[in-house]
Amino acid sequence: MRQPLVRLAILAGCLSGTAALAQQPVQNLLPQPRISSVFPAGGKAGSVVEVLVSGNDLEDAQGLYFAHPGFKAELIVEPEKIDPKTKKPIPKKKKTRGAATSSEKFKVTIPPDALPGSYDVRVVDQHGISNPRLFTVGRLPEVNETEPNNDVPQAQKVTTGTVVNGTIASPTDVDYLSITGKAGERFLVWCTTSAIDSRARPLLELYTPEGQRLGLNRNYRDNDALLDVTLPSNGEYLLRVSEFAYQYGGSDYGYRLTVGAPYHIDCVFPPMVPPGKASSVTLYGRHLPGGKPSGFTIDGRPIEMLNVQVTPPGTASIGGPIHFAGRVSPAMGLTELFEYRFPGPTGPSEPVPMFLTDLPVTLEADADNNSFDKAQVVPVPGEVAGRIEKRSDKDYFAFHAKKGDRFTISLFADRIGASMDTYFQIRNAENKPLSAEQDDDANPLHSVSFYDRTNDPPSQTFTVPADGKYLVFVGSREASVNFGPRSIYRLRIATPTPDFRAVVMPRSRDLTNATILTSGGSDAFDVFVERREGFNAPITFTAGQLPAGVTAKPATIGNTSNWGTLVLTAAPGAAAFHGPVSVTATATMEGKTLTRPARPATITWGITPKQNIPALTRLDQQLVLAVRPAPAMYQLHLAQDQAKLNTKDTQNKPKEEAVKPPFFVKPGDKLTIPLQAKWLAKEARANPITVIAEPFTANMNQAPITIANVTVAKDKNDAPLVIDIKGNATPSTFAVVLRGEAQVNMARDPEDEKKKTNLFIPAFTPEPVLITVLPTTLAKVTAQAPAANTLKPGTTAAITVKVDRQADYTGPFQITGELPKGVVGLTIKPVTLPAGQNEIQLPVIAGNDAKPGNINNVVITAVGTVHDKYPIPQEAKVNLTVTKADEKKK
């Protein structure tokens, strides 16, 4: 089914002018540059462009930082003006710091060798570095929209083959452009907004001078629009650009309009190819040089096709970083995306998304496969490139498998850029369902800051019940209206291989942000993991490429969590810095170590806090850090070496003991750690510090541990942190990071010390508290007595001990037996059950002095050791019978 309206509304920008998606006020935070818009949002390669950057706290801007190293930017300083009467310089108007919005101009030199595409740009100032905005490089001449152009007589004349940079300045703003065309000319207009981090939702319309509308388009891809019209005659035409429904407008509502685009690529099929070797694929698009009719149409317009060769990156790119000069959504950012560029007549095209696969690729056959008796047989493991190519299309695929085979079945459409609501179902050869229909995946990686929920169904693990043929039925909820060359999908049938992908973001759940350290201070990255196919090991994140004076303790995301916090600290006197850093995630499961780079992302448009509305987020092209010499206000530290653990001894009696990190606890324990505050500025002591734990799961109320909030009084230097382990806590590992927040009365503007306000100043504990909850049991143990009449004086028999392993324990067990008091003549010899095995014989030796009769409640104990030093016992009882030596003869 379609996802909740809230996600669609956000992606469409429908709520972008409401309070729900308004940027949180920054006046109660320390100054930090934040960009909302860049105008123009691009330029021609090799040109020099004057760029206006708008946002918050930009009054002290010093320069721009581009992800592409060839860009150069120079701040445009207002020239000095001379009073004609006094012949003296006119004092410049003082900048108002902390205003709701601010802007600065820059002269940007675009490198001539920059490939077409969009590159991250950020503002740099004395306070740090900003969030990114996309700046697009093209090959065509560019002009800026010229006002007034709100009506037909004011239409701005534009030459075909030009890029127009414009802004929908108000909800009712309408921009008219006048172009000249020829009869029979296929005229393309490509308008990007979502692709350049704009809020605009443009409606494109083309009219004759007499007012006849020839075509319109919106929401071709996200909010981007593509107008495709065949001109009826030679002469002038009017292109109209407006905000759909006339609801929103402003500097954040920019657009880039390619008037008379030379060609356009709609999609690539197959969308995935094996890594490292040339593959043949088909481009579908319009005005494709050398293209041939495809037989497909989109919105009634004919589509061409062109076979090309693609050489993708190598195997190392699977699970590696993403290099794509354009906007990448959270969902697409967890795939194996790479960029393909068509070598057009004027040079390489803008990047087109394609994907890597580690499995053989089969194309959906041209033959009809829309019924189970015509199912296309495909090899497994493998991937199928398919398409909902006609109205109400549905596809059946068949594969052969043996009993006990296991497969993970996944369906990709929305995640690869196809706007479809797909689903699938596993069926037997008679077309009877073996599973429920797999529809939308309702579990985003993060419900606000990294909302990757899509219309794709979740993966399903299928265990083959018997040798034979099986079907996978693929359909789309929108097949009656949404079909054709762009309605492509990937069906993956793979042997389960546990794996993960990692994401890193500046620590913020609601604001556009960047990570900035002050001298002696701390800041953090949010880290997330997408676990695949049963990957349940703890994952450790480490920071790399850090500048001198900056350190970061490794962060751990426990085996049952997907969130974590990586804290960075700057030493006092650390040198100023801004630039790229890296974060790497490493984990070991079943003896196999995986290392994955964390893919960087930021919030594009912030939200009002605590509204439970997803922010609009995308991947970044670099993970960026800034260090500034301004001193920190205070520091937090957890004295983990002084921790106390309230637990119970082997007799179940309460006891308190000193413990050292990392901490291993049992359900019902309580851990207390001194929290210490170091006040570095006098004004910081005016109010207490409120300290809370950073969440490591979606619902902390349901977490296995309870972490009480801590308040450090303004006249104190410490307070206890109490962590309660719930009695029903399951075995797991957690990393606890604390975030403090103090209100400090200070001036945001250093040039206006009298104007002070309460600012919220955060700080983090640099050392994560690593807590492992030990299992109470590792297995269910059963014991079976020796066969009847086999345990006699002077003989040896065996107790059969079986273990049903739990808590993912695969190690050895030490098996012992304990006889009731008073029993003589019997000895139970201890044995070791090897790792991975589940059954063993426990010898029982009956001496000649063993007394015949029943021996009840013999205790069998199996002890497994976890984390190399914590024995976990589990018991079973068995009854033995000693038979007289001459009983058989009688």
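User: Let's start with C267: buried or exposed?
Analyst: C267 counts as buried because its relative accessibility is 7%; buried means under 20% relative accessible area, exposed over 50%, partly exposed in between, with a 1.4 Å probe and protein chains only.

User: And C191, buried or exposed?
Analyst: C191 counts as buried too, at 0% relative accessibility.

User: What kind of model is it, and what gets counted?
Analyst: This is a predicted model: local features need pLDDT of at least 70, side-chain atom pairs count only at pLDDT 80 or more, and totals for chains, interfaces and linings use all residues. Residues are numbered from 1 along each chain as its sequence is written, and side-chain values use heavy atoms, leaving out hydrogens and water.

User: What's the mean pLDDT?
Analyst: The mean is 92, and 95% of the residues reach 70 or more. pLDDT is the predictor's confidence in each residue, from 0 to 100.

User: Where does it stay under 50?
Analyst: Over residues 1-24. The model has 68 contacts beyond four places in sequence for that stretch, a contact being heavy atoms within 4.5 Å.

User: Switching to strands. What does β40 pair with?
Analyst: Strand β40 (residues 522-532) is joined to β38 (residues 499-506) by eight bridges, antiparallel. β40 also pairs with β44 (residues 563-570) over seven bridges, again antiparallel. Strands are DSSP runs of E, at least two residues, numbered from the N terminus, and two of them pair if DSSP finds at least two bridges between them.

User: Which residues stand opposite F528?
Analyst: V503 stands opposite F528, and F528 stands opposite W563 in β44.

User: How many residues of β40 are buried?
Analyst: Nine of its 11.

User: Why is F696 called buried?
Analyst: Because its relative accessible area is 4%.

Technical notes: Helices (H or I, at least four residues) and strands (E, at least two) are DSSP runs, numbered from the N terminus.
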